[in-house]
Amino acid sequence: MLGARSVLVSDCQVEPRSSLGLIRLAPRAGRGVGRQKGAMDFTNFDPELITTLQGAQKITVLTGAGVSAESGIPTFRDALTGLWANFDAEKLATPEAFRRDPALVWGWYEWRRAQVLAAVPNAAHVAISELARRVPQLTLFTQNVDDLHERAGSTEVQHLHGSLHHPRCFECASPFSLVDSTFEMPAEDGRLSPPQCQTCAGKIRPGVVWFNELLPQGMLDRAFKSTSSSDLLIVVGTSGNVHPAARLPKEASRAGCKVIQINPEKTALDSVCTWNVRGKAGVALPALVNCAFL
């Protein structure tokens, strides 16, 4: 096993903290992303990895779109289909888009919420919930805006990018309650007028963090503190291309936290991870938990 910490400083160019709160997409990982360390598959776990997992007193888990994708939830990188085939997801996920056409943006997010309501948690969601019951302390941060972790049994899930299920007023930020049983589908052009705020009569917006918006500072601070103070960080199904979440494994590793990455493909995070496990989250993560604790 090659040690990751010895090359971290040269591999990681940390941006000023003031810029870490903005969500942005980095270019896709490609050749030259960095050296791959400790790559393995879920049939050949490094014994040191298993020992580290068994002995960890404090674990942080960070999940990305790849976990929800295995439940059929499209990622932002996926091409839109059907009604939304002619739209760019990244251009719909901005405050400017909502100001320009609130019905179109609300309709798209309600379509996404319908997909989530029809989906079910997969084996990776269940494995994380099971792991939390077998270790002294586990904190779960997710970049996903669905509720599949909660439905799999995880509690106190920290949603870095907000939630489709907790909208708020665009003007005054008052929370708004949605009733899943009364879901309304968008019209043929994709538009659906957003509800009206009961406090200020403003338009209700999706409860997610859009591009060009800051993550809630308290949430971001908790994420950096948790990852940097943990014995072990498990990163599952994230490309390492969405910032500031992509900085979490890098800063955690610099602080001495060992990092396990589970992903079927190479990512921009490979060079900072102690172990890179190649495989789908719904297969590799249950196998890892079973190997360590059953």
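1. V145 makes contact (heavy atoms within 4.5 Å) with R112, H159, H161, G162, S163, L164, H165 and V208, leaving aside neighbours within four places in sequence. V145 sits in the loop between β4 and α8 (148-151). Strands here are DSSP runs of E with at least two residues, helices runs of H or I with at least four, numbered from the N terminus.

2. V145 counts as buried because its relative accessibility is 11%. The cut-offs are under 20% for buried, over 50% for exposed and partly exposed in between, with a 1.4 Å probe and protein chains only.

3. This is a predicted model: local features need pLDDT of at least 70, side-chain atom pairs count only at pLDDT 80 or more, and totals for chains, interfaces and linings use all residues. Residues are numbered from 1 along each chain as its sequence is written, and side-chain values use heavy atoms, leaving out hydrogens and water.

4. Now take S239. This residue is in the loop between β8 (232-236) and β9 (242-243). S239 counts as partly exposed because its relative accessibility is 31%. Not counting residues up to four places away in sequence, S239 touches T267 and A268. Its side chain also reaches the backbone nitrogen of N241 at 3.2 Å.

Technical notes. A polar contact is a pair of N or O atoms within 3.5 Å; within protein, one must be able to donate a hydrogen and the other to accept it, and residues adjacent in sequence count only if both atoms are side-chain atoms.
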